[in-house]
Amino acid sequence: DGVRFGCGGAAFEEAALAVAAALEITDSILAIPTEPGRPGGAFSTAMGITTGDVWIGRVGGAIRGEYTMHGSLVNFAARLMCCQLIKYTGGVLVDKNTLRLCAGLHPAAADPPAGTPVPAADRDLPGVAFEPQAAQMFKGFKEPYTSYMPLRRRRRQQQDEALRGARVAFLRQRQAWAGALGGGGPTPVRTVLIDAAAGHGH
């Protein structure tokens with residue numbers, strides 16, 4: 001499903017409002033408790049945001065029709081949403097047009113340096129920075145494309161803490177595997193299968 005912003009009005013305001021809405025939705029869903037009285041985290045959501053010109057109008061006839069959007073940006077938003085970076089773990093990804101508008105960058109400005117968070121300049125996104133993600137191949141692009149993940153400071157800290165916790169648990173498990181593979185465990189292990197969510201460092 002898609003939500004559109006910007007049928008009239010300044011493009012930079014609409015881009016920022018779309019990102020703010022996506023972050024609010026993400027935080028609300030993450031806050032849903034798994035059980036009464038327990039912290040949230042039972043659900044996650046993935047969203048892709050693109051900014052630009054699309055075709056909007058009624059499609060179909062008098063008997064059966066719908067009011068919809070068409071264009072490459074609509075398809076690209078869906079591909080961002082289904083990207084492996086957030087497909088299973090949840091999050092928001094935006095394209096470079098959205099990033100430039102929210103960060104107050106010139107449309108023709110060069111891409112920000114790799115690995116450098118880009119702070120939002122709009123008043124509707126206080127405390128938000130856009131984290132560059134690993135370049136991915138998307139349908140319709142000949143080269144890997146870098147998308148950006150908007151994160152509030154608090155949310156970014158939570159993700160960093162979760163990632164550190166996952167790595168500590170993995171290192172402890174790896175020590176146990178090493179002992180088993182070396183014959184130190186009660187049952188020798190010959191095959192180890194490692195599986196984890198994207199970003200946990202297989």
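**View 1. Lys96, a buried lysine in a predicted model.** Start with Lys96: its relative accessible area is 17%, which is under the 20% cut-off, so Lys96 counts as buried. You'll find Lys96 in helix H3, which covers residues 96-103. Its side chain makes a polar contact, at 2.8 Å, with the side chain of Asp111. Setting aside neighbours within four places in sequence, Lys96 is in contact with Asp111, Tyr145, Thr146 and Tyr148.

View 2. Look along H2 (residues 72-81) and pick out Leu73, Phe76, Ala77 and Leu80, which are buried. What do the buried residues of H2 pack against? Their partners are strand S1 (46-49) and strand S4 (91-94).

**View 3. The largest nonpolar core.** This core has 20 residues, and the ones touching the most other members are Val19, Ile49, Val94, Cys102, Leu125 and Phe130. H1 gives the largest share, with seven.

**View 4. Around Ile49, and a second core.** Leaving out neighbours within four places in sequence, Ile49 is in contact with a whole list of residues: Ala18, Val19, Ala22, Leu80, Val92, Leu93, Val94, Asp95 and Thr98. There's also a second, separate core of 10 residues, and Phe76, Leu80, Cys83 and Leu93 are among them.

Key. Residues numbered from 1 in each chain as written. Predicted model: local features only at pLDDT ≥ 70, side-chain atom pairs only at ≥ 80, totals over all residues. Heavy atoms only, no water. Helix = DSSP H or I, 4+ residues; strand = E, 2+ residues; numbered from the N terminus. Buried < 20%, exposed > 50% of the residue type's maximum accessible area, 1.4 Å probe, protein only. Polar contact = N/O pair within 3.5 Å; in protein donor to acceptor, adjacent residues only side chain to side chain. Contact = heavy atoms within 4.5 Å. Core = buried A, V, L, I, M, F, W, Y, C linked by side-chain atoms within 4.5 Å.
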